[in-house]
Amino acid sequence: DDLSFLGRSQSYFESDYQSYLVDIQQSLDNKKVLVLGGAGSIGSEVVALLSGFKPSEIIIIDKDENGLASLARRIRNSDKAITTELDFLPFDM
């Protein structure tokens, strides 16, 4: 939560995120979500955020099979209980 490295003390996005949180939850509830590039730095954070909601399934595609395996371990070893089905698919387009 320390944003001092950005030269500010608060997030520019937190107030918008909080104001749309119910809409985001309703949009993702019981839906299938596809994440392309899911093993990368941004994609893996998106997957982590999505798993905190309640989609029925998250399909994660990346060309980096080792990155997908690492992401799978990271999610499964986290202290959060995840009820969403996760599919990890190594695929290069």
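How many salt bridges does the count come to by the rule I used? The rule asks for a side-chain nitrogen of Lys or Arg within 4 Å of a carboxyl oxygen of Asp or Glu. By this rule I get two salt bridges.

**Ground rules.** I'm working on a predicted model, where local features need pLDDT of at least 70, side-chain atom pairs count only at pLDDT 80 or more, and totals for chains, interfaces and linings use all residues. Residues are numbered from 1 along each chain as its sequence is written, and side-chain values use heavy atoms, with hydrogens and water left out.

**Overall look.** I find three helices and three strands in the protein chain, taken as DSSP runs numbered from the N terminus (helices are H or I with at least four residues, strands E with at least two). Along the sequence they follow the pattern α-β-α-β-α-β. The C-alpha atoms fill a box of roughly 40 × 30 × 30 Å along the principal axes. Of the 93 residues, 30% count as buried; buried means under 20% relative accessible area, exposed over 50%, and partly exposed in between (1.4 Å probe, protein chains only). I also looked at contacts, meaning heavy atoms within 4.5 Å. Of those with a separation of 6 or more, 67% come from residues 24 or more positions apart.

Side chains of opposite charge can pair when their charged atoms come close. I started with Glu57 and Lys32, whose side chains meet in a salt bridge at 3.6 Å, N to O. Glu57 sits in strand E2 and Lys32 in strand E1, so this pair ties together parts 25 residues apart in sequence. Glu57 counts as buried because its relative accessibility is 9%, whereas Lys32 is exposed at 62%. Next I checked Arg74 and Glu45, where the closest N and O atoms are 3.1 Å apart. That pair links distant parts of the chain, with Arg74 in helix H3 (residues 65-76) and Glu45 in helix H2 (residues 41-51), 29 residues apart. Both ends are partly exposed: Arg74 has 38% relative accessibility and Glu45 has 41%.

**Asp62.** Asp62 has no salt bridge, and the nearest side chain of opposite charge, Lys63, is 7.0 Å away; Lys and Arg count as positive, Asp and Glu as negative, while His and the chain ends are not counted. A polar atom of the Asp62 side chain does lie 3.1 Å from the backbone nitrogen of Ala39. Leaving out residues up to four places away in sequence, Asp62 touches Gly37, Gly38, Ala39, Gly40, Leu68, Leu89, Pro90 and Phe91.

Beyond four places in sequence, Val35 touches residues including Val46, Leu50, Ile58 and Ile60. Leu34, Leu36, Phe91 and Met93 form a nonpolar surface patch with about 480 Å² of accessible area together. For patches I used residues with over 30% relative accessible area and no salt bridge, joining like charges within 9 Å and nonpolar side chains (Val, Leu, Ile, Met, Phe, Trp, Tyr) within 5 Å. Areas come from the Shrake-Rupley method with a 1.4 Å probe; for residues, only the protein chains shown count as cover.

Technical notes: Polar contact = N/O pair within 3.5 Å; in protein donor to acceptor, adjacent residues only side chain to side chain.
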